[in-house]
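Open the model in your viewer and keep the sequence panel beside it.

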Amino acid sequence: MILLHIDSSADTADDSVSRRLTDLFATTWRARDGSAEHRHRDLCADPVPVLTPAYTALGRRVEREGFVPPAKVPALIENAAEEREWDLTLPLITELLAADTVLLGVPMYNFAVPAALKAWIDRVTFPGAYTDADTGENLLRDTRVVVLMARGGGYGPGTPRESFDFQTPYLTAYFGDLGVAPENLHLVATELTLAGLLPHLAGHEDLAADSFAQACAAVTALAAT
Ligand SMILES: Cc1cc2nc3c(=O)[nH]c(=O)nc-3n(C[C@H](O)[C@H](O)[C@H](O)COP(=O)(O)O)c2cc1C
């Protein structure tokens with residue numbers, strides 16, 4: 001079993017709440033099966049480069065050909081810039097395809113996901129990479145995706161800023177469209193992480209502690225099954 005653990009917080013492990021949650025998941029998950037493989041990708045320490053025109057040109061050429069498996073993409077590369085883009089992209093695709101479980105730590109930045117994670121999403125979502133060229137079946141249908149989100153404020157049902165949560169609908173739509181089965185996609189949020197810091201959140205410290213405790217319980221349960 002392979003766990004692909006991806007963090008995207010700009011904060012270090014000491015300060016980041018999403019990193020604490022992904023660490024809890026990974027530690028619990030490893031304790032279950034000592035032979036399991038844990039791969040960690042830190043998108044802040046090791047950023048994925050944003051796309052260039054060579055990536056999009058290669059992607060269009062691949063799309064014109066229909067379902068081209070990654071192994072056949074090199075035959076469609078026309079220049080050094082496209083080769084460089086493919087060299088940056090293929091390892092990410094291979095890593096995602098190999099994972100049984102993908103664990104994502106996702107802070108809320110400006111109501112959405114960090115640019116570091118969006119850069120990974122844009123690059124790894126290469127045309128045809130997740131479709132079996134022979135059968136047309138999606139190669140991620142059995143992959144489990146666990147998304148652990150951290151937000152400074154509160155966005156729960158009935159709160160004034162409920163509609164400002166663009167993380168949950170975006171990541172649900174993205175992974176669903178990528179082919180991850182709905183029953184294999186799990187999103188957990190811890191909220192009010194800035195309650196002890198921001199004056200307008202003063203008095204919400206207990207709610208923040210409850211939210212974190214509930215998230216930890218959900219993470220432990222997900223990692224143990
Ligand atoms: C650049 C930036 C933008 C942020 N934008 C929001 C936001 O839109 N809404 C919010 O509730 N918190 C926001 N926050 C606060 C973070 O979501 C919060 O600190 C969270 O705990 C970050 O995750 P981390 O602890 O794993 O780094 C922002 C923080 C940063 C650094």
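**The whole chain**

Show the chain as a cartoon: six helices and five strands make it up. This is a predicted model. Colour the cartoon from the N terminus on and follow the elements in order, which is β-α-β-α-α-β-α-β-α-β-α. The chain has a radius of gyration of 19 Å, close to the 17 Å that the globule rule gives for 225 residues, so it is as compact as a globular protein of that length. Next, switch to the C-alpha atoms and turn the model along its principal axes; these atoms fill a box of roughly 60 × 40 × 30 Å.

**The ligand and its pocket**

Now select the ligand and centre the view on it. Where does the ligand sit? Its place is the largest pocket.

Select the residues around the ligand, of which there are 17. Those that come nearest are Ser-9, Ser-16, Ser-18, Met-108 and Tyr-155. Colour the shell by class to find eight nonpolar, seven polar and two charged residues.

**Polar atoms at the ligand**

- Ser-16: an N or O atom in its side chain is 2.7 Å from an oxygen atom of the ligand.
- Val-17: here a polar backbone atom is 2.8 Å from a ligand oxygen atom.
- Phe-111: a polar backbone atom of this residue lies 2.9 Å from an oxygen atom of the ligand.

Finally, display the surface. How much of the ligand's accessible area does the protein cover? On its own the ligand has 630 Å² of accessible area, and the protein covers 75% of that.

Notes:
Residues numbered from 1 in each chain as written. Predicted model: local features only at pLDDT ≥ 70, side-chain atom pairs only at ≥ 80, totals over all residues. Heavy atoms only, no water. Near = heavy atom within 4 Å. Polar contact = N/O pair within 3.5 Å; in protein donor to acceptor, adjacent residues only side chain to side chain. Areas by Shrake-Rupley, 256 points an atom, 1.4 Å probe, with all protein chains shown as cover. 1 Å grid on protein atoms, 1.4 Å probe; cavity = no way out; pocket = protein on both sides within 12 Å on 5 of 7 lines; lining within 4 Å. Sits in = over half its atoms within 2 Å of the grid points. Nonpolar A, V, L, I, M, F, W, Y, C, P; charged D, E, K, R; others polar. Helix = DSSP H or I, 4+ residues; strand = E, 2+ residues; numbered from the N terminus. Rg over C-alpha atoms; globule rule 2.2 N^0.38 Å.
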